[in-house]
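Hi,

Here is the structure I said I'd send over.

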Amino acid sequence: MKAASVPRPAAAAWMATLVLLLATGVFVGIGTEFDVGTALDALLFGAVMQGMATLGALIARREPRNPIGWIFCVTPGLVAVAIAAGTYAVWAEDYHPGAP
């Protein structure tokens, strides 16, 4: 019996989540001041979010019609976008006050 492969959208969502979390981490590191505790907290959060995306990809692989797998694939990427947008807003307010 041939092993089922991860559907392309699930694999793409997993990879997009990884890229978004890494980019968000870099942006947060550049745009804010943080200590070692905050950095470790961010690494743990990133690991949990990527784990959630991995679980979603595995569920989508096994049961492509199960919406929970797809929700788990997409949600961490959306969280990364929200964190990046919030960090950018704080950075913009600090370095460019009054800008639109």
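Before the notes, one term: I call it a polar contact when two N or O atoms sit within 3.5 Å of each other, and within protein one of them has to be able to donate a hydrogen and the other to accept it. Please also keep in mind that this is a predicted model.

Now to T24, which is found in helix α1. A polar atom of the T24 side chain lies 2.7 Å from the backbone oxygen of L20. T24 has a relative accessible area of 8%, and because the cut-off for buried is under 20%, T24 counts as buried. Leaving aside neighbours within four places in sequence, T24 is in contact with A80, I83 and A84.

Next, the largest pocket, which holds about 520 Å³ of space. T24 turns up here again: of the 20 residues that line the pocket, the closest to its centre are L21, T24, G25, A42 and L43. Helices α1 (8-31), α2 and α3 (67-95) each supply at least two residues of that lining. By type, the lining divides into twelve nonpolar residues, seven polar and one charged.

Last, helix α2, which covers residues 36-62. The buried residues of α2 are G46, M49, Q50, A53, G56, A57 and A60. When you look at that spacing, remember that an α-helix has 3.6 residues a turn, so residues three or four places apart point the same way.

Cheers

Technical notes:
Residues are numbered from 1 along each chain as its sequence is written. This is a predicted model: local features need pLDDT of at least 70, side-chain atom pairs count only at pLDDT 80 or more; totals for chains, interfaces and linings use all residues. Side-chain values use heavy atoms; hydrogens and water are left out. Helices (H or I, at least four residues) and strands (E, at least two) are DSSP runs, numbered from the N terminus. The expected span of a helix is 1.5 Å times one less than its number of residues. Buried means under 20% relative accessible area, exposed over 50%, partly exposed in between (1.4 Å probe, protein chains only). On a 1 Å grid over the protein atoms alone, a cavity is a set of points where a 1.4 Å probe fits but cannot get out, and a pocket is an open set with protein on both sides within 12 Å along at least five of seven lines; lining residues have an atom within 4 Å of a point. Grid points are joined across faces, edges and corners, and a volume is the space filled by probe spheres set on the points. Ala, Val, Leu, Ile, Met, Phe, Trp, Tyr, Cys and Pro count as nonpolar, Asp, Glu, Lys and Arg as charged, and the others, Gly among them, as polar. Contact means heavy atoms within 4.5 Å.
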